[in-house]
Structure formats: structure tokens, C-alpha cells
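Thanks for coming. I will go through one model this morning, starting with its pocket and then turning to the salt bridges.

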Amino acid sequence: MKMMALTIFTLRLAVCILAFPMYLLDFLGLWSWICKKSFPYFLARFTVMYNKQMASKKQELFSNLQEFAGPSGKLSLLELGCGTGPNFKFYPPGCRVTCIDPNPNFEKFLIKSIAENRHLQFEHFLVAAGEDLHQVADDSMDVVVCTLVLCSVKNQERILQEVCRVLRPGGAFYFMEHVAANPSTWNYFWQQVLNPVWYLLFDGCNLTRESWKALEWARFSKLKLQHLQAPLSWELLRPHIYGYAVK
């Protein structure tokens, strides 16, 4: 065990030395600005690949969204960390969508996605972190969606508290997240080695989050959670969880 920890530390150090220019920019306060500007362009390309490889799982995940619609039959949906809007095509017709993301540079990509998904009723784009949804009223949403977001938030517990607050009683929280691999695998080993540089390179994304634990501890009345090895090209991201929780 000690030898494994020493090996991980040594390899991390070597990777961090190679990434020294990036760390220097971060120290000077420039890296965050660069990421906020460039990350939407990367994500616009990445999500095309991700949606193609995960289409069947997303269709399965979102297949029962309409069951949570309110008395009017219209579904009020809040998407946290909406990014470029890759989930829009999986939402049912007439769905009223409010989007939240802390990065304002996603807005122009969202406008394009909205234009391509006329079956939805777009409500708002709010620039905010998921830990503080004060702009969204209590018990006002039928569904909250969060995909590939819990890996990069600062406080998962606070996010889930806010999700519970804005969901109406009986509403549902849908999630699909990459997570830490099984500790006995080589994938887990390389996740541990590369995580510090990955975190900087991909705007705060963590490879080693055990996000299922936060969901299990949250105050949902029902949790349907599944683990899977996603059919992705990037092996580090293959360990996934997906499902939904009911308030």
C-alpha cells in the first residue's frame, strides 16, 4: 500500500513538473480566465462525441421525464451546469426549460441549441453556481437535471440541498456523472496520478469523485442509482453513475 502511494506521488510530481507553465498561469490568476473562455469550445465538440456514444443511456435515463409533469401537463425543468445544451433533444415536447451555468460564455452556444430544439419552451439562462440557486423559488420545479457537473462543483452536499429546495414535493432529480473507478483497477491508479493536472486542464473537473455517496446521503425519499462502464473513448471517464432521485 505504501509503495503504491509512493508511486502515485512520484508520477503525480512528474506530471505536475511537465505541466509547470499551466500552474504558473494559474498562480498569476490567468488560467481561470483562459479556461472560462476556451472551455465552451472544447465542450461543444466533446458533447457531440459523448451524446453519440451515450445516446441509448440518455434516452433510457430521460424516458420517464413526462411522468413528473405538474397538473397542467407541462414539465418545468431546471438544468444545472447546462453547458452547450446537449441534453435538450432528450426532453419531451412542451417542456419549460430554465438553464443555470456559472460560465456566461456558454450563452451563445445555448442560443444555437435552443434554435435547434423548437419542441422546448425556453424560460431563462441564469449565470450562477449550483450551490446558490436563490434566483429559483422554493418548490417551483418538477425536475432538476445535472449531467457531468457533480465532478466539478465545489460542494456536492450544498448543491443537493438546493436541488431539494427548488423541487416540488414528488419532483425528481436526474443525474449522469463520471466517477472514480474501482480502487483495484489500473483506471483508478491513473485517475489518482492525473487528477491534479486534469483538474486544471478541464476547468475544475475531478476524476476521483465518489458522487454516489453524496446522493445516498442526500434527503431524497427514493433513489434509483446504477453504476456502469460507459462506452466512451476516454477510458478515464468510463466509470459512471446514472439515475434519478425523488424528493
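First, the terms for the pocket. The search runs on a 1 Å grid over the protein atoms alone: a cavity is a set of points where a 1.4 Å probe fits but cannot get out, while a pocket is an open set with protein on both sides within 12 Å along at least five of seven lines. Lining residues have an atom within 4 Å of a point. Points are joined across faces, edges and corners, and the volume is the space filled by probe spheres set on them.

Two notes on the source. This is a predicted model, in which local features need pLDDT of at least 70 and side-chain atom pairs count only at pLDDT 80 or more, whereas totals for chains, interfaces and linings use all residues. Residues are numbered from 1 along each chain as its sequence is written, and side-chain values use heavy atoms, with hydrogens and water left out.

On that basis, the largest pocket comes to about 1,000 Å³. It is lined by 49 residues, and Phe 39, Ser 152, Phe 202, Asp 203 and Gly 204 are the closest to its centre. Helices here are DSSP runs of H or I, at least four residues, and strands are runs of E, at least two, numbered from the N terminus. Helix α3 (31-61) gives the largest share of the lining, 12 residues. α3, β1 (76-80), β2 (96-101) and α6 (186-201) each supply at least two.

Now the salt bridges, meaning a side-chain nitrogen of Lys or Arg within 4 Å of a carboxyl oxygen of Asp or Glu. The count is nine. Lys 36 sits in α3 and Asp 203 in the loop between α6 and α7 (211-217), so the pair ties together parts that are 167 residues apart in sequence. For accessibility, buried means under 20% relative accessible area, exposed over 50%, and partly exposed in between, with a 1.4 Å probe and protein chains only. Lys 36 is partly exposed at 27%, and Asp 203 is partly exposed at 23%.

Glu 116 and Lys 112 meet at 2.7 Å. Both lie in helix α4 (residues 107-116), four residues apart, about one turn. Glu 116 is exposed at 54%, as is Lys 112 at 52%.

Which residue does Asp 142 meet in a salt bridge? The partner is Arg 168, at 2.6 Å. Asp 142 is buried, at 7%.
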